[in-house]
Amino acid sequence: MKGTLKQILLITDGHSNQGEDPIAIAAIGKEQGITLNVIGIVDGDSLNEQGIKEVEAIALAGGGVSQIVYAKQLAKTVQMVTRKAMTQTLHGVVNKELQDILGGGQELEDLPPEKRGQVMEVVDDLGETISLEVLILVDTSASMREKLPMVQEALTDLSISLTSRVGENRFALYSFPGKRREVDRLLEWTPRLDSLTSVFQKLSPGGTTPTGPAIQAAVRIFTQKGSKRSLLNHEEQLLDEIAD
């Protein structure tokens with residue numbers, strides 16, 4: 001097994017207004033090999049300029065991808081962000097390996113075109129074969145009420161679109177704010193998101209947007225689970241791929 005790509009996918013339509021700083025928490029997650037991607041939903045008056053800046057800053061701190069999107073475009077965006085983040089993470093790991101091999105701060109772009117093409121083939125191949133774990137964090141504050149059906153559709157499409165990969169896919173779904181904790185578990189780790197309809201029908205949106213505590217809980221879920229090897233602890237396997 002070549003290790004596991006670990007992603008948190010945060011879907012929200014407002015800026016954090018309670019609890020810890022989500023940007024700082026995202027940075028802690030990144031240090032532990034967890035990429036944080038953020039999709040900010042714009043719809044009518046929701047997600048103001050402050051919210052948009054926060055979406056971008058959280059993803060930057062978490063080493064992931066951010067995208068601002070209208071609710072009706074959500075399905076395509078969720079797929080794009082997940083795949084783009086996979087490539088970006090693998091690209092970053094490969095660059096680190098190359099710097100260790102070549103020295104002098106050299107990166108992928110510094111290689112001759114032929115060698116660069118070979119390395120990118122490795123990245124593409126790993127993107128299809130590596131194990132992927134995505135913990136989805138859905139904002140269920142009051143303003144998300146009308147958007148949840150589109151979130152459900154987007155997540156179902158994501159599950160279907162990733163079934164073509166050779167690598168194992170595993171998803172978990174949590175919502176925030178939770179009733180008694182930072183987050184509520186809606187779906188335990190599963191290879192497919194088939195049962196989303198029944199899960200979403202039970203949701204009753206309401207409350208504030210405690211994004212920082214929700215991200216903190218998601219990072220903790222990954223670190224406590226610890227059953228799969230993190231990609232970032234197994235960079236030498238990428239090195240073997242490149243050397244072949």
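I started at Asp184, which touches Leu173, Tyr174, Ser175, Gly178 and Lys179 once residues up to four places away in sequence are set aside (contact: heavy atoms within 4.5 Å). The model is predicted, so I kept in mind that local features need pLDDT of at least 70 and side-chain atom pairs 80 or more, while totals for chains, interfaces and linings use all residues. Numbering runs from 1 along each chain as its sequence is written, and side-chain values use heavy atoms, with hydrogens and water left out.

Still on Asp184: this residue is buried without a salt bridge, and Lys179, the nearest side chain of opposite charge, is 4.1 Å away. Buried is under 20% relative accessible area (1.4 Å probe, protein chains only), and a salt bridge needs a side-chain nitrogen of Lys or Arg within 4 Å of a carboxyl oxygen of Asp or Glu. I did find the Asp184 side chain reaching the backbone nitrogen of Lys179 at 3.0 Å.

Last, a friendly look at confidence: pLDDT (the predictor's confidence in each residue, from 0 to 100) averages 85 over the protein chain, and 89% of the residues score at least 70. I noted that over residues 232-236 the pLDDT is below 50.

How values were computed
Buried means under 20% relative accessible area, exposed over 50%, partly exposed in between (1.4 Å probe, protein chains only). Lys and Arg count as positive and Asp and Glu as negative; His and the chain ends are not counted. A polar contact is a pair of N or O atoms within 3.5 Å; within protein, one must be able to donate a hydrogen and the other to accept it, and residues adjacent in sequence count only if both atoms are side-chain atoms.
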